[in-house]
Amino acid sequence: MRRALAALGAGALFGVGLVVSGMTDPRNVVGFLDFTGKWNPTLAGVMVGAIGVHFAALRWLGSRGYPVLSADARPWIDGRLLAGAAIFGVGWGLAGYCPGPAVVALGFGTSSAWAFMLAMVVGVLAGERAARDRDAAVTASTPARAV
Amino acid sequence: MFRALSGGALIGGAATLFWFVNGRVAGVSGVLSGALRERGDRSDRVLFLVGLVAAGVVATLVRGGAGAGGQSTLPLVLGGALVGFGTRLGGGCTSGHGVCGLARLRKRSLVATLTFIAFGALTVFAVARVAPMWSVR
C-alpha cells in the first residue's frame, strides 16, 4: 500500500512539475532547442531545479547509508547510446514532446497527444527489440575472455 | 524562470520519492517500456504513469482547456516513433538520462543528454528552413 501510494504520488508530483514549468507545451521545448532563433531558456531552468533537488536529496540519502546508485547492466558509452540519443533528439525536435510530457498530455484529452503516444509505443517496442538484437550481435562477435 | 525552477524542484522531489520508496529510477521511457513489457509485478510503473496522466487531467480541469497549440500530424507521429525508438536504444530520455542520470553524475548520461539536445537543435534548425509548415507553433 505504501509502495502503491508512493508510485502514484511520485507520478502525480512529477506530472504537476511538468505542467507548472510549461514543459507540457511543445512550444517551450522547441523554443529551447531553437538556439539560433528566439531562445527560450525555460527547459534549462527546469533541468537545473530538478537535477539540483534530486542531486542534493541523493547526497543526503547516501550520507545516511541508503543506496543511491541504480543498478546498470550497461554502464558504458557505445554506439547504441549515441545512436539512440541522436534518434531521440530528432524526434524530440520534430514533435516537441519527450516521454514524460507526452504521458501527461494524455490527460489533456487532445487527439495530438494520443497520436504521439500511439506512435511512441510502437517506437518503444521496436527500440527494445533493436537494442536486444544489437546486444546479441555484439556479444556473439566478441571473443570469450578468460576471467 | 521561477515557475521553471519550482516545477523542476517538484520533478526532482518526485524522482527522489520514486527512488527511495519504490527503488526505481523515474525515467519515463524506461517506466513506460517496463509497464508495457514486464511479465512480473509492474504495479509501481503503471501507478506512476497513472499519476502522470492524472496530473494532466487535473491541469485541464483547473485551467479549463487543453492549452497546447495545434501541430501537423505527420511530424507528430514521425516524432513519436523516433522518440520511442531512440529512447529505448539509448537507454533513457530527458528524465532518465537528463535528470536522474545527471543527478548521479553519470558520464554516460551527460553524453546522451548533450547528444539529444544537439540533434534536437539541428532538427529544429532544419525544419524551420526546409519544412516550415512542420514547425511547432
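User: Which residue just after α5(B) takes a positive phi?

Analyst: As a general idea, most residues other than glycine have a negative phi. In this predicted model, the residue to look at is Leu105(B), which comes just after α5(B) and has a phi of about 55°.

User: Where is Leu105(B) found, and is Leu105(B) buried or exposed?

Analyst: Leu105(B) sits in the loop that runs between α5 and α6 of chain B. To judge burial, count the other C-beta atoms within 10 Å: 12 or fewer makes a residue exposed. Leu105(B) has 12 such atoms, so it is exposed.

User: How many residues of helix α5 of chain B are buried?

Analyst: The helix covers residues 94-103 of chain B, and 9 of its 10 residues are buried, so by the cut-off of 20 or more other C-beta atoms within 10 Å it is mostly covered. Among the buried residues are Thr94(B), His97(B), Val99(B) and Cys100(B).

User: What covers the buried residues of α5(B)?

Analyst: The cover comes from both chains. Chain A contributes α3 and α5, among others, and chain B contributes elements including α1 (2-22), α2 (28-37) and α6 (107-130).

User: How many helices and strands are there in chain B?

Analyst: Chain B has 6 helices and 0 strands. Read from the N terminus on, its elements run α-α-α-α-α-α. The C-alpha trace spans about 45 × 40 × 35 Å along its principal axes. Of the 137 residues in chain B, 55% are buried. For contacts in chain B between residues at least 6 apart in sequence, 45% join residues at least 24 apart.

User: What span does α1(A) reach from its first C-alpha to its last?

Analyst: In an α-helix there are 3.6 residues a turn, so residues three or four places apart point the same way. With 19 residues, α1(A) reaches 26 Å, close to the 27 Å expected at 1.5 Å a residue. The helix is mostly covered, with 14 of its 19 residues buried. Gly22(A) follows α1(A), and its phi is positive, near 85°.

User: Which domains does the domain assignment of chain A give?

Analyst: The assignment gives domain 1 (1-70) and domain 2 (73-147). Their C-alpha centres lie 20 Å apart. In the contact between them, 11 residues of domain 1 of chain A meet 8 residues of domain 2 of chain A.

User: Which element supplies the largest share of the side of domain 1 of chain A that touches domain 2 of chain A?

Analyst: The largest share, 5 residues, comes from α2(A). Both α1 (2-20) and α2 (26-33) of chain A supply at least two residues of that side. By class, the side of domain 1 that touches domain 2 has 8 nonpolar, 2 polar and 1 charged residues.

How values were computed: Residues are numbered from 1 along each chain as its sequence is written. Chains are lettered from A and ligands numbered from 1 in the order in which they are written. This is a predicted model: local features need pLDDT of at least 70, side-chain atom pairs count only at pLDDT 80 or more; totals for chains, interfaces and linings use all residues. Domain bounds come from an automatic or database domain assignment. Two residues are in contact if their C-beta atoms, placed from the backbone, lie within 7 Å. Helices (H or I, at least four residues) and strands (E, at least two) are DSSP runs, numbered from the N terminus. Ala, Val, Leu, Ile, Met, Phe, Trp, Tyr, Cys and Pro count as nonpolar, Asp, Glu, Lys and Arg as charged, and the others, Gly among them, as polar. The expected span of a helix is 1.5 Å times one less than its number of residues.
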